[in-house]
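Morning, everyone. Please look at the sequence and the structure on the screen while I talk.

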Amino acid sequence: MDFNSHADAIVRVAVGLVNELTPGERRGRNLPPPHDLAAAATEGLRAGYPGHRKVTAEEARELAGVAARLRAVFDAVAAEDVDEAALRVNALLEETRARPLLQRHDGEPWHLHFHGTGGTAAEDWAASCATGLAIVLGSEFHDRLGVCTAPHCDRVYVDVSRNGTRRFCGTACQNRVKTAAFRARGRTP
Ligand SMILES: [Zn+2]
């Protein structure tokens with residue numbers, strides 16, 4: 001997939017925030033609530049921006065709210081309801097009044113940022129992630145957002161493979177499913 005690199009990064013942030021901050025299951029296990037929400041939120045942001053500063057506890061709480069909204073978009077696409085996904089992304093775009101702004105900092109060339117109106121980091125991220133998902137949903141790659149199909153895992157991913165056949169959140173789940181299938185075949189007479 002070939003969006004501009006900033007859009008790629010913010011889609012990775014959306015994936016990171018959902019996976020770190022929404023409850024559910026990961027790789028066959030129930031996911032307990034993070035004991036350090038700020039660290040988890042920071043980890044999510046660093047999925048797209050490895051050098052991101054550590055967020056505050058309050059920012060993390062706001063980001064957890066954003067993550068829940070973003071998860072609904074992945075869930076809708078996984079359920080093949082792209083209309084629902086688009087409605088949810090549009091609601092976020094409208095609420096945050098996501099607005100593009102070219103910025104240049106840290107020695108990078110001019111690149112596009114997206115800001116919300118609230119002035120908080122979480123609102124800016126909500127605006128950015130909504131825009132990133134909007135770019136995906138508005139492209140021929142609209143079905144590239146996914147929820148892991150392995151048993152007892154509901155972490156999300158964006159499929160950037162050439163042929164778009166990804167089904168798992170990562171190699172751990174892929175291997176779990178392969179092993180289970182192998183054992184099942186072994187039991188078949
Ligand atoms: Zn998984």
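Where is Arg97 found? Arg97 sits in the loop between α4, residues 82-96, and β3, residues 99-103. Before I go on, a word of care: this is a predicted model.

Back to Arg97. Its phi is near 45°. That is a positive value, in a residue other than glycine. Is Arg97 buried or exposed? Arg97 is exposed, because its relative accessible area is 59%, and the cut-off for exposed is over 50%.

His152 is another case. Phi of His152 is near 55°, again positive and again in a residue other than glycine. His152 belongs to the loop between β5 and β6.

Now the metal. Which residues are the protein donors of the zinc ion? They are Cys148, Cys153, Cys169 and Cys173. Each one gives its SG atom. The donors lie 2.2 to 2.3 Å from the zinc ion. What is the geometry of the zinc site? The site is tetrahedral, with angles of 107 to 116° among the 4 donor atoms.

Look along the sequence, too. The donor residues are spaced C-x4-C-x15-C-x3-C. Take two of them, Cys153 and Cys169. Cys153 lies in the loop between β5 (145-147) and β6 (156-158). Cys169 lies in the loop between β6 and α6 (171-187). So the pair ties together parts that are 16 residues apart in sequence. Is Cys153 buried or exposed? Cys153 is buried, because its relative accessible area is 6%, and buried means under 20%.

Next, salt bridges. How many salt bridges does the count come to? The count comes to 7 salt bridges. I will walk you through some of them.

Start with Glu59 and Arg53. They form a salt bridge, and their closest N and O atoms are 3.0 Å apart. Glu59 is buried, at 17% relative accessible area. Arg53 is partly exposed, at 44%.

Then Arg88 and Glu84. Their closest N and O atoms are 2.7 Å apart in this salt bridge. Why are Arg88 and Glu84 separated by about one helical turn? Because they are 4 residues apart in helix α4. Arg88 counts as partly exposed, at 38% relative accessibility. Glu84 counts as partly exposed too, at 28%.

Now Arg155 and Asp154. This salt bridge has its closest N and O atoms 2.8 Å apart. Arg155 is buried, with a relative accessible area of 1%. Here is the bigger picture.

Where is Arg71 placed? Arg71 is in helix α3, residues 57-78. Arg71 counts as buried, at 10% relative accessibility. Its side chain also meets the side chain of Thr22, in a polar contact of 2.9 Å. Thr22 lies in the loop between α1 (5-21) and β1 (24-26). Is Thr22 buried or exposed? Thr22 is buried, with a relative accessible area of 4%.

On to helix α1. Ala14 has its place there. Ala14 counts as buried, at 0% relative accessibility. How far apart are the C-alpha atoms of Ala14 and Leu45? They are separated by 8.0 Å. Along the chain, Ala14 and Leu45 are 31 residues apart.

Last stop, the surface. Which residues make the nonpolar surface patch of about 320 Å²? Leu102, Trp110 and Leu112 make it. Pick out Leu112. It is in strand β4, residues 111-115. Leu112 is partly exposed, with a relative accessible area of 31%.

Let me recap. The zinc ion has four cysteine donors, Cys148, Cys153, Cys169 and Cys173, in a tetrahedral site. One nonpolar surface patch is made by Leu102, Trp110 and Leu112. And keep in mind that the model is predicted.

Methods: Residues numbered from 1 in each chain as written. Predicted model: local features only at pLDDT ≥ 70, side-chain atom pairs only at ≥ 80, totals over all residues. Heavy atoms only, no water. Patch = residues over 30% accessible without salt bridge, like charges linked within 9 Å, V, L, I, M, F, W, Y side chains within 5 Å. Areas by Shrake-Rupley, 256 points an atom, 1.4 Å probe, with all protein chains shown as cover. Salt bridge = Lys/Arg side-chain N within 4 Å of Asp/Glu carboxyl O. Helix = DSSP H or I, 4+ residues; strand = E, 2+ residues; numbered from the N terminus. Buried < 20%, exposed > 50% of the residue type's maximum accessible area, 1.4 Å probe, protein only. Donors = N, O, S within 2.8 Å, 3.2 Å for Na, K, Ca; no water. Tetrahedral: all angles 85-135°; square planar, octahedral: opposite > 155°, others 65-115°. Polar contact = N/O pair within 3.5 Å; in protein donor to acceptor, adjacent residues only side chain to side chain.
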